[in-house]
Amino acid sequence: MEPEIRIRIADELLMFLPAARREPARRVAYDGTSTLGHLVESLGVPLPETGPMTIRGERVEPSARPEAGDEVRVEAVPRPQPVPLEPGQAAPRFLLDVHLGTLARRMRLLGLDTAYHNDMDDPALVVQANEERRVLLTQDRGLLRRRALWFGAYVRGSRPDDQLRDLLERFAPELRPWTRCTACNGPLAEVSKHEVEGGLEAGTRASYDVYGRCADCGQVYWRGAHGGHLEEIVGEAARIVAGVRAAGTGPARAAVSD
């Protein structure tokens with residue numbers, strides 16, 4: 001009889017398994033040499049989505065090698081999830097893949113440092129994420145399985161509202177609304193109406209007096225007719241983060257030590 005181990009997968013991770021095999025516990029053939037991380041990924045679960053792993057009730061690393069007959073448990077990533085931060089850094093930096101453009105704009109609205117390109121391939125995304133210490137957000141499971149990637153996360157949901165909620169519940173980051181350009185991620189600075197009125201339409205000049213401008217791309221912003229909807233997004237985001245922190249232990253942050 002071929003050696004086996006028994007793997008129990010947390011309910012939150014069953015979505016990564018093929019629909020016909022989404023039972024929480026299953027027996028898996030074991031060759032005696034594969035690491036636990038390899039076995040879990042062979043089931044379809046990307047390692048960045050896994051939390052604590054145990055063998056016979058003892059905490060182990062993904063590099064551990066179980067023995068035939070072992071009972072393995074794989075939990076989901078804890079929420080809020082800590083992210084290593086540089087000294088003086090208040091919130092994680094993010095990089096989004098090509099399919100998450102609307103989410104990127106909403107994250108920038110909330111003041112989160114969010115890089116996004118609509119034409120960058122997977123290897124380039126990994127390089128930028130690693131060089132700039134950005135959390136790579138994606139719905140591409142293959143991208144999350146790249147060994148070179150320092151930190152990645154799968155974004156749940158097909159609607160931008162659901163994707164944003166998932167991001168906020170996972171990381172509970174510090175928010176600084178209205179401080180970033182939603183077009184390019186540059187910092188916004190308040191400017192006088194006189195400085196920008198030459199590029200405004202007559203109706204805008206007559207209706208608004210407070211303006212901001214991106215220091216990088218020069219885009220001008222004001223609270224227009226769509227401002228109410230944006231205020232709702234900002235208010236709901238603040239409530240989500242406050243709720244996550246109240247239920248947990250505070251901001252999800254892990255400072256980088258010297």
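**A loop residue and its surroundings**

Modeller: Asparagine 185 counts as buried because its relative accessibility is 10% (buried is under 20% relative accessible area, exposed over 50%, partly exposed in between, with a 1.4 Å probe and protein chains only). The model is predicted, so local features need pLDDT of at least 70 and side-chain atom pairs pLDDT 80 or more, while totals for chains, interfaces and linings use all residues. Residues are numbered from 1 along each chain as its sequence is written, and side-chain values use heavy atoms, without hydrogens or water.

Asparagine 185 sits in the loop that runs between helix 5 (160-171) and strand 11 (DSSP runs numbered from the N terminus: helices H or I of at least four residues, strands E of at least two). A polar atom of the asparagine 185 side chain lies 2.9 Å from the backbone nitrogen of threonine 114 (a polar contact pairs N or O atoms within 3.5 Å, one able to donate a hydrogen and the other to accept it; sequence neighbours count only if both are side-chain atoms). Apart from neighbours within four places in sequence, asparagine 185 is in contact with Arg108, Leu112, Asp113, Thr114, Ala115, Arg134 and Arg180 (heavy atoms within 4.5 Å).

Another loop residue is aspartate 121, placed between strand 8 (114-116) and helix 3 (122-132). Aspartate 121 counts as partly exposed because its relative accessibility is 47%. The side chain of aspartate 121 comes to 3.1 Å from the backbone nitrogen of alanine 124. From aspartate 121 to alanine 91 there are 30 residues in sequence and 26 Å in space, C-alpha to C-alpha.

Returning to the loop of asparagine 185, the strand at its end is strand 11. Strand 11 runs antiparallel to strand 12 (residues 211-214), and four bridges join the two. Leucine 188 has cysteine 214 of strand 12 as its bridge partner.

Note on methods
Two strands pair if DSSP finds at least two bridges between them.
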